[in-house]
Amino acid sequence: MIIRRVALRNYRRFAEVELECPENIIGIIGRNGAGKTTLVEAIGWALYGNVITRTGKGDIRSQFAGESETCSVELEFEYGGEEYRILRQLRGKNAVAEAAIYRAGEAAPDAVQERGVNEYVEQLLRLDYRSFYASVFARQRELAALSAMPPEERRKSIARLINIDRIDKARERVLADRNGKNRYIEGMRSALIDPDLLEQRIADAMTESLQLDEAMAREAEAVTRHELGLGEARAVMERLAGLRSAWQEHQNRILGWQASRKEQLAALQRSREELKLIAAAEEELETLSGTLQGLTAARSEKERLDGEELRQVQRAGLLEQISQNGEIVSAGRGRIGAARNRRAGLQALAEERAALLRREEELEKSLSEARELQQHWKSEGAAAGKAGTETRTRKEQIEKLGPDGECPTCTQKLSGHYPLVLVELEEKLAALRLAWQTAVKNLETAEKSVAEQELALRTLRREKESLLRRITADTEAAADLERMEEELAAAEKRLAELEQTLAGLGEVIYDRETHLQARARLAELEAMQRRADQLTERASRRGQVAAEIGRTERMTGELTRMEEQELALQAALGYEESDFQAADAAVKAAMSTMIEAQKSHASAREAAARSRAVEENLQAQKEEQEKKRQEIAKTADEIRYLDALDLYLKKFRVDLAGRIRPLLARRASELLGLTTRGRYTRLELDEEYQISLYDGPRSFPLGRFSGGEQDLANLCLRVAISQILAERSGGAPINFIVLDEIFGSQDEERKSLILDALVQLSSQFRQIFMITHVESIRDNMQVIVEVGLVDEQRSEVRML
């Protein structure tokens, strides 16, 4: 695998970066914190997504980028002779992940979305993200940590790097599966029952079921007998019920005839009472007839007095209207006189207004001149004050410089001119002070004059406004004069008409007391007339009431005859209520006996069903017990297979570790010889992956050597691990490696030797990304990528 190109946009510290990556040792140089490792991390993010980054996806997008801006990394690489391109992005406020991978020359992607691209990359490289990271990235802090780790932790760490820990995890899963199956067998065995005891329970249940079936048959026979007895009792009951229904129909008709006869007797009594009232009404009507003869005369008198009352009201209304109209005419004449006087005075008011306008113009002109004078003295005072301040400042500056100082204007020494300059400046200050005082005094006089003239102008304008209101009111009054004259003429005409109407009414003679007495007498007579009308109506019903009495007497006799006939028919039925009640009691007793028999039968049936259910449950339990014994045997076989698998995995791990450890030692020894110019040529690893170096013919622990030599040995071991992982991945070779800050403890000579050794590894690592802040190695590299800070949030990249 070779990296061809990587492009970043809004990725962490980088706004826009595009790098072409040649096949060589590529130095990535810059200050700590500039973002050197971020460039290489972007390659891993493009391949595997967020699982390979050191932070959450929310921190990947640049802090200076807006929520709507896209964070992206585009990676082009060669693998197995084919070119690929991956585009991975974070979009929108919620940083939604998107990804796609393309083959060279293809418009459609081979895989899309984050999960699809991650799975495609793992299948293509045959490495998951952790194995890829271990194969490609080596850091100084990891190398130093290897030596400081306790033996067991170091063994586990290297096992993780070379993926032997996967065998350990597989063994853990095998053991967990085996333990789970053992617990399963124990639980199954605890639920088993003695088979002989179970067979005895089944036999007992079958015997009980037979006995209960026989009892259920007996109860069924009893139910049948009781059902026959109930049928016979119901037949008797139905016959008596028919008689009872016919008897009740006769009884209902008898009660109906009795109620009708009672109603007719009550009606007969009411008619006889009404005849008595008719006789009394005839006597009272004869008494009232003499009094009602004066009703017509009373009505005529009352109507005459009503007319006199109406004329009296009309006369009072006319007098009121005449009084009101007289007042209107008098007021109108007064307004017309006033309006005529105002119209006559309009000319004098106009002349007075013209004089006020001329005076206002003179005052405005005088006020403008006063304001100009005020502004003049204000400017004079300000100019004198400013010049005085500048002259005082210059004088203080000269005094501070002294006779030996240089003149601020001509840059010559003051010397003998010093006292003359001070006198000149003091005289100028006195003249400016006098000018300022004069300006202030004159300004006060001008301001007083402006205030007086402004007051006079305001007073004049108030007089002008008052005069204008008077002119407006008099003009409006003069305009309304014609209308007021027309209104006065109409009011005078109306007054004359009212006086004429009053004269037409003539003299009115009206006595209110007589009018009230006439009204009372008429009301009394009209009440008597209404009473006479009611009595006449009642007396007219005498013949009708007599006819109703005869009809009611005949109807009463007919109803009596029909009642006696219905009673005879009812007696002929021969029905007795006691016989019906006895038959009803017999049916209820038979029903109760049958229900008890049915309950007994139902209880026997339920008991038989429960017994059969127990028998069936025991049979099912027997089958379940047999299945459990078979399952226990099957699981025991699986446990034996898992024990065998654990043994084989253990042997395989020991064998693999035994073969990989010497291979790691040999590859690390070769690189160590290159980087030390043959000073150290042999490196050994014990079972805990503790490093030993040969110094001459003897082997020594790594702690005997200098810190730089220890770091170098760890580096050689780490590079050897990357070589072996790349070779054993099963896919095309991974032809690049990233070394992060590996020169920390090396001197200049050793740094040069490490670079030379890495060049000799170019047959396997065609690209080596060297991340460092050591500036002295620039000259030993053909390709330099310089990362620099722009500000607190941004960095930039230059290819040198």
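In what follows, a residue is called buried when its relative accessible area is under 20%, exposed when it is over 50%, and partly exposed in between, with a 1.4 Å probe and protein chains only. By that criterion, 37% of the 800 residues of the chain count as buried.

Colleagues, the model before you is a predicted one, in which local features need pLDDT of at least 70 and side-chain atom pairs count only at pLDDT 80 or more, while totals for chains, interfaces and linings use all residues. Residues are numbered from 1 along each chain as its sequence is written, and side-chain values use heavy atoms, with hydrogens and water left out.

I begin with confidence. The pLDDT, which is the predictor's confidence in each residue on a scale from 0 to 100, averages 83 over the chain, and 94% of the residues score at least 70. Confidence is lowest in helix 4, residues 140–148, at a mean of 61. Strand 7, residues 111–112, has the highest value, at 94. Where pLDDT is low, the predicted coordinates should not be read in detail.

Next, the overall form. The chain holds 15 helices and 15 strands; these are DSSP runs numbered from the N terminus, helices being H or I over at least four residues and strands being E over at least two. The radius of gyration, taken over C-alpha atoms, is 67 Å, whereas a compact globule of 800 residues would have a value near 28 Å. The globule rule behind that comparison is 2.2 Å times the number of residues to the power 0.38. Along the principal axes, the C-alpha atoms fill a box of roughly 175 × 150 × 50 Å. The accessible surface comes to about 46,900 Å², with 50% of it belonging to carbon and sulfur atoms; such areas come from the Shrake-Rupley method with a 1.4 Å probe, and for residues only the protein chains shown count as cover. A contact here means heavy atoms within 4.5 Å. Among contacts between residues at least 6 apart in sequence, 75% join residues at least 24 apart.

Two pairs of residues illustrate the distances involved. Gly405 lies in the loop between helix 8 (295–401) and helix 9 (417–479), and its relative accessibility of 9% is why it counts as buried. Gly405 and Ala280 are 125 residues apart in sequence and 155 Å apart in space, C-alpha to C-alpha. His226, in helix 7 (residues 195–291), counts as partly exposed because its relative accessibility is 28%. From His226 to Arg640 there are 414 residues in sequence and 71 Å in space, C-alpha to C-alpha. Beyond its neighbours within four places in sequence, His226 is in contact with Thr593, Met594 and Ala597.

I turn to strand 13. How many of the six residues of strand 13 are buried? Six of the six residues, 767–772, are buried, so the strand is largely enclosed by the rest of the structure. In a regular strand the side chains alternate between the two faces of the sheet. Here Gln767, Phe769 and Ile771 point one way, and Ile768, Met770 and Thr772 the other. Strands count as paired if DSSP finds at least two bridges between them. Strand 3, residues 25–30, pairs with strand 13 in the parallel sense over five bridges, with Gly27 partnered by Met770. Strand 12, residues 736–740, also runs parallel to strand 13 and is joined to it by five bridges; there, Asp740 has Ile771 as its bridge partner.

Three strands form an open, antiparallel sheet in the order 9-10-11. Its edge strands are strand 9 (683–685) and strand 11 (698–701), each pairing on one side only. The twist averages 35° from one strand to the next; axes are lines fitted to C-alpha atoms, for helices over the stretch in contact, and angles run from 0 to 180 degrees between N-to-C directions. Strand 9 pairs with strand 10, residues 691–695, over three bridges, and Glu684 stands opposite Ser692. Helix 13, residues 577–675, lies across strands 9 and 10, running at about 155° to strand 9.

Finally, the backbone. Most residues other than glycine have a negative phi, and most peptide bonds are trans. Arg12 has a positive phi of about 50°; it sits in the loop between strand 1 (2–11) and strand 2 (14–20) and is buried, with a relative accessible area of 11%. Gln113 likewise has a positive phi, of about 70°. Gln113 is in the loop between strand 7 and helix 2 (114–125), and is partly exposed at 47% relative accessible area.
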